[in-house]
Amino acid sequence: MWEAKLEPDVISYSAGISACEKGEQWQRALALLSEMWEAKLEPDVISYSAGISACEKGKQWQPALALLSEMWEAKLEPNVISYSAAISACEKGEQWQRALALLSEMWEAKLEPSVISYNAGISACKKGEQWQRALALLSEMREANWSPTSSATTLGSARARRASSGSRRLRC
């Protein structure tokens with residue numbers, strides 16, 4: 001693009017970051033995020049989520065969490081994809097406590113975890129030999145009648161019913 005004298009925009013950079021994620025080039029993805037700021041372009045939720053996913057693929061949980069934090073500082077609200085990628089990065093880094101903290105943070109942010117979010121949390125618990133916590137997450141999914149075809153709304157409705165009946169969700 002530079003050779004053709006075209007100015008990359010947020011979409012161009014986000015696509016590049018996503019390509020780096022797929023090519024397992026997490027360091028290059030982070031470099032592109034930095035370049036965006038230097039070019040006076042503000043990364044959006046998609047840019048950051050792609051960067052977090054790149055870190056997850058590279059088993060880099062610390063930079064993934066730093067990007068999640070940076071999103072909040074930039075007044076961007078992480079979405080389910082952002083959180084799921086960060087939870088998965090924690091799982092790959094054997095950081096089960098952080099993975100569970102992110103699941104709780106999702107609910108506090110009024111985001112309903114997806115099956116991907118839960119699976120990463122369960123896997124993190126497994127790696128941390130936290131089988132009771134893994135079973136609690138699995139139970140939470142089962143109580144919500146969660147299946148790969150369930151909608152997030154179904155999970156949220158079941159959780160609301162449990163909350164009103166006095167059930168408690170998993171706490172880290």
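Reader: What share of the contacts with a separation of 6 or more comes from residues 24 or more positions apart?
Author: This is a predicted model. In the protein, contacts with a separation of 6 or more are counted, and those between residues 24 or more positions apart are picked out. Their share is 58%.

Reader: Which pattern does the protein follow along the sequence?
Author: Start with the elements. The protein has nine helices and zero strands. Read in order, the pattern is α-α-α-α-α-α-α-α-α.

Reader: Which residues does UniProt list for "repeat: PPR"?
Author: The name comes from an unreviewed UniProt entry. Two of the listed spans can be described here. Residues 9–43 are 74% helix and 0% strand, with end C-alpha atoms 10 Å apart. Residues 44–78 are also 74% helix and 0% strand, and their end C-alpha atoms lie 10 Å apart. The record lists residues 9–43, 44–78, 79–113 and 114–148.

Reader: How far does helix 5 reach from its first C-alpha to its last?
Author: Helix 5 covers residues 80–92, so 13 residues count. At 1.5 Å a residue, 18 Å is expected, and the helix comes close to that. Its reach is 18 Å.

Reader: Is helix 5 mostly covered or mostly open, and what covers its buried residues?
Author: Ten of the 13 residues in helix 5 are buried, which makes the helix mostly covered. Among the buried ones are Tyr83, Ile87 and Cys90. The cover includes helix 3 (45–57), helix 4 (61–73), helix 6 (96–108) and helix 7 (115–127).

Reader: Which residue reaches to the backbone nitrogen of Ile81 at the start of helix 5?
Author: Look at both ends of helix 5. After the helix comes Glu94, with a positive phi near 55°. At the start, a side-chain oxygen reaches to within 3.0 Å of the backbone nitrogen of Ile81, and that oxygen belongs to Asn79.

Reader: Where does Lys59 lie, and what is its phi?
Author: Most residues other than glycine have a negative phi. Lys59 is not glycine, yet its phi is positive. Lys59 lies in the loop between helix 3 and helix 4. Its phi is near 60°.

Reader: Is Lys75 buried or exposed?
Author: Lys75 sits in the loop between helix 4 and helix 5. Its phi is positive, near 65°. Exposed means over 50% relative accessible area. Lys75 has 75%, so this residue is exposed.

Reader: Which residues are linked in a network of salt bridges?
Author: The whole structure holds seven salt bridges. Glu56 meets Lys57 at 3.3 Å, N to O, and Glu91 pairs with Lys92 at 4.0 Å. Glu56 is buried at 8% relative accessible area, and Glu91 counts as buried at 8% too. The network links Glu21, Lys22, Glu56, Lys57, Glu91, Lys92 and Lys127.

Definitions and conventions:
Residues numbered from 1 in each chain as written. Predicted model: local features only at pLDDT ≥ 70, side-chain atom pairs only at ≥ 80, totals over all residues. Heavy atoms only, no water. Helix = DSSP H or I, 4+ residues; strand = E, 2+ residues; numbered from the N terminus. Expected span 1.5 Å × (residues − 1). Buried < 20%, exposed > 50% of the residue type's maximum accessible area, 1.4 Å probe, protein only. Contact = heavy atoms within 4.5 Å. Polar contact = N/O pair within 3.5 Å; in protein donor to acceptor, adjacent residues only side chain to side chain. UniProt positions renumbered as here; feature names shortened; annotations may be inferred. Salt bridge = Lys/Arg side-chain N within 4 Å of Asp/Glu carboxyl O.
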